[in-house]
Amino acid sequence: DGEVHINELKNGNTEMFWNPTSEVRRQRLKRHIVLFEEQTDFESERLWQHVTSAINKGDQHKATQEKFVLEEEQRNAARERRESGTEWKPLLFQHDAGTNEWRYKYEDLRPWDPLNDIAQFEKDGILQTMERHLSTRMSNHQATCINNQITRHKRSAKDCRRRKTSDQPSNHSQNTESSCSTPESVQELSDDDGKYLGFESLCAQCGKEMNHLKEIHSAVLSLQKAQQDIHR
């Protein structure tokens, strides 16, 4: 998020290559790290602290010495394990025999979902993704279904009344009337029985859709209760 320049060694000219605006700086990813005093001995920031300090001070000789000390300690530890027959079992990495590489055990390679994924964080070395509550997504879908159901039923009621009051009903309208029993009014949401919609009578298709909504409602309540238990 800082300025980057290109230096031409031939003529000594300097050219601006990258100069981020304040808007670009505001969009940078926030860095969340474990507090230094809470880190274990083998976490990078603590393990390489003396090397980092020397680099920041511009002491390349000191940095090289500190790096050599760390590497020598690791070689000695590996030698001791080999002599004692102790198998080294990494906590966060596993060996891929196919590629002969070490891979992070908890890697998440799926694309980022901006509608569901909120933040990604690391805890005890394990990378995790905080997601939106499934119950919230289900509630949004549930609301859409209810609105669609009300709209369709009102339209059906209006059509059936029009067909019933027609002076010269066609064969098609008669057949439709026989399969449609629509109330004159649509009741509001019922609080007594816990149902989304309360109709005096429903045609077969609407009744089937209502049963489906009731099943969704029951599933959502179950998910919400499980989510509350998890939060507690």
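Trainee: In which strand does Asp 117 have its place?
Mentor: Asp 117 belongs to strand β5, which covers residues 117-123; helices (H or I, at least four residues) and strands (E, at least two) are DSSP runs, numbered from the N terminus. This is a predicted model, in which local features need pLDDT of at least 70 and side-chain atom pairs count only at pLDDT 80 or more, while totals for chains, interfaces and linings use all residues. Residues are numbered from 1 along each chain as its sequence is written, and side-chain values use heavy atoms, with hydrogens and water left out.

Trainee: Is Asp 117 buried or exposed, and which side chain does a polar contact join to Asp 117?
Mentor: Asp 117 counts as buried because its relative accessibility is 4%, where buried means under 20% relative accessible area, exposed over 50%, and partly exposed in between (1.4 Å probe, protein chains only). Its side chain is joined to that of Arg 110 by a polar contact of 2.8 Å, a term for N or O atoms within 3.5 Å, where within protein one must be able to donate a hydrogen and the other to accept it, and residues adjacent in sequence count only if both atoms are side-chain atoms.

Trainee: How many salt bridges does a search of the whole structure find?
Mentor: The search finds 10 salt bridges, each a side-chain nitrogen of Lys or Arg within 4 Å of a carboxyl oxygen of Asp or Glu. One of them pairs Lys 67 with Glu 71, whose closest N and O atoms are 2.6 Å apart, and both residues lie in helix α4 (residues 60-84), 4 residues apart, about one turn of the helix. Another salt bridge, of 2.2 Å, links Asp 229 and Arg 232; Asp 229 is partly exposed at 35%, whereas Arg 232 is exposed at 73%. Salt bridges that share partners also join Lys 67, Glu 71, Glu 72 and Arg 75 into one network.

Trainee: How many aromatic pairs does the structure hold?
Mentor: A pair of aromatic rings is described by the distance of the centres and the angle of the planes. Rings of Phe, Tyr and Trp (its six-membered ring) pair if their centres lie within 6.5 Å, and planes under 30 degrees apart count as stacked, over 60 as edge-to-face and the rest as tilted. The structure holds 2 such pairs. Tyr 104 and Tyr 106 form an edge-to-face pair, 5.9 Å centre to centre with 70° between the planes.
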